[in-house]
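I opened this model to look up a few things before reading further. My notes follow in the order I checked them.

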Amino acid sequence: MSQVSLYVNIQDYFWLGEESEPPPVSEKSRSEGKDSCPISPETWEQWFSQWFQILNPDIPQAGSYELSLRLTDDTEIQQLNAEYRSVDAPTDVLAFATLEVGCPQLPAGVFSSESLYLGDIVISVETADRQAQQQGHSLKIELGWLAAHGLLHLLGWDHPDQQMLIQMLDQQVIMLQAVNLEVNAATIQVNLAEYSPTLLDE
């Protein structure tokens, strides 16, 4: 795939909040988190663009691509998790893909002059912060790790079994290394342990 434009719509609900859009972020959540996002909108866009080039996804060609990244708290992601996955508990990341695996192959050039929306990634900063502390790395690395996982889901990757999960986690390591973020071995082991019992539920 040649050089393409990828636009990332950052919805920083955790640090900045949004007027008239419940649920509000509690003062407790803000005080336990960081003062501001450790990753700027420009950096997010650079990362996603690099990852997109590395992955070279087999998706319809378009003039440009778009996705949304929402940074939120445990309360909101729990609501989304309950509504869309029937799991009434917070999670670290959710991905809502516009392109489904096995979607019809469209004629070449259908999207060539249009923008193609890839979907939405939602990350709980509260959960990400806890996981970063547990795994001994920075919140920046954990947010990057979760965003990479979400992007893979948007592009059709999944982990129905342990072999596919290992391939997905290995790809995330490559993606983070490409943007100069190092992931320790503990992160891989923790993710294997976390996802393995629920592979059939994904």
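Entry 1. I count a residue as buried when its relative accessible area is under 20%. The model is a predicted one, so I rely on computed values throughout. I looked up Gln171, which sits in helix α6. Its relative accessibility is 15%, so Gln171 counts as buried. I then listed what Gln171 touches beyond four places in sequence: Ile54, Leu55, Leu152 and Trp157.

**Entry 2. Val173.** I stayed in helix α6 for Val173. At 18% relative accessibility, Val173 is buried too. Beyond four places in sequence, I found Val173 touching Trp145 and Ile188. I also took the C-alpha distance from Val173 to Asn184: 9.3 Å, with eleven residues of separation in sequence.

**Entry 3. Overall layout and confidence.** I stepped back to the whole chain. I counted seven helices and four strands. Their order from the N terminus is β-α-α-β-α-β-β-α-α-α-α. Of the 202 residues, 46% count as buried. I took the contacts between residues at least 6 apart in sequence, and 74% of them join residues at least 24 apart.

Helix α5 (residues 139-154) has the highest mean pLDDT of the elements, 97. Helix α1 (residues 27-32) has the lowest, 42. I marked two stretches. Over residues 19-33 pLDDT stays under 50, and the model has 23 contacts for them beyond four places in sequence. Over residues 101-111 pLDDT also stays under 50, with seven such contacts. Low pLDDT means the predicted coordinates should not be read in detail. I left both stretches alone.

**Entry 4. The nonpolar core.** Which residues have the most contacts inside the largest nonpolar core? I noted Trp44, Phe48, Trp51, Tyr65, Leu118, Ile123 and Leu151. That core has 50 residues. The elements giving two or more residues to it are β1 (5-12), α2, β2 (62-72), β4 (111-124), α4, α5, α6 and α7. Helix α5 gives the most, with ten residues. Nonpolar side chains tend to be buried together in soluble globular proteins.

Trp51 lies in helix α2 (residues 41-55). Its relative accessibility is 0%, so Trp51 counts as buried. Setting aside neighbours within four places, I found Trp51 in contact with Gly144, Ala147, Ala148, Leu151, Met175, Leu176 and Val179. Trp51 and Leu176 are 125 residues apart in sequence, yet their C-alpha atoms are 8.6 Å apart.

Leu118 came next. Its contacts beyond four places in sequence include Leu6, Phe52, Ile59, Tyr65, Phe96 and Leu154. Glu66 is also one of the contacts of Leu118.

**Entry 5. Salt bridges.** How many salt bridges are there? I got two. Side chains of opposite charge can pair when their charged atoms come close. In one of the bridges Glu76 pairs with Arg70, with the closest N and O atoms 2.8 Å apart. Both Glu76 and Arg70 are buried. In the other, Arg130 pairs with Asp74 at 3.0 Å between the closest N and O atoms. Arg130 is in helix α4 and Asp74 in helix α3 (residues 74-85), so this pair ties together parts 56 residues apart in sequence. Arg130 is partly exposed at 40% relative accessible area. Asp74, at 12%, counts as buried.

**Entry 6. Helix α7.** I finished with α7 (residues 185-195). Its buried residues are Thr187, Ile188, Asn191, Leu192 and Tyr195. They cover an arc of only 130 degrees around the axis, which puts them on the same side of α7. The face turned away from that buried side carries the exposed residues Ala185, Gln189 and Ala193. What do the buried residues of α7 pack against? I listed β3 (93-97), α4 (125-135), α5 and α6 (162-178). Asn184 caps the N-terminal end of α7. A side-chain oxygen of Asn184 lies 3.0 Å from the backbone nitrogen of Thr187.

How values were computed. Residues numbered from 1 in each chain as written. Predicted model: local features only at pLDDT ≥ 70, side-chain atom pairs only at ≥ 80, totals over all residues. Heavy atoms only, no water. Buried < 20%, exposed > 50% of the residue type's maximum accessible area, 1.4 Å probe, protein only. Contact = heavy atoms within 4.5 Å. pLDDT = per-residue confidence, 0-100. Arc of directions from axis to C-beta. Polar contact = N/O pair within 3.5 Å; in protein donor to acceptor, adjacent residues only side chain to side chain. Salt bridge = Lys/Arg side-chain N within 4 Å of Asp/Glu carboxyl O. Core = buried A, V, L, I, M, F, W, Y, C linked by side-chain atoms within 4.5 Å.
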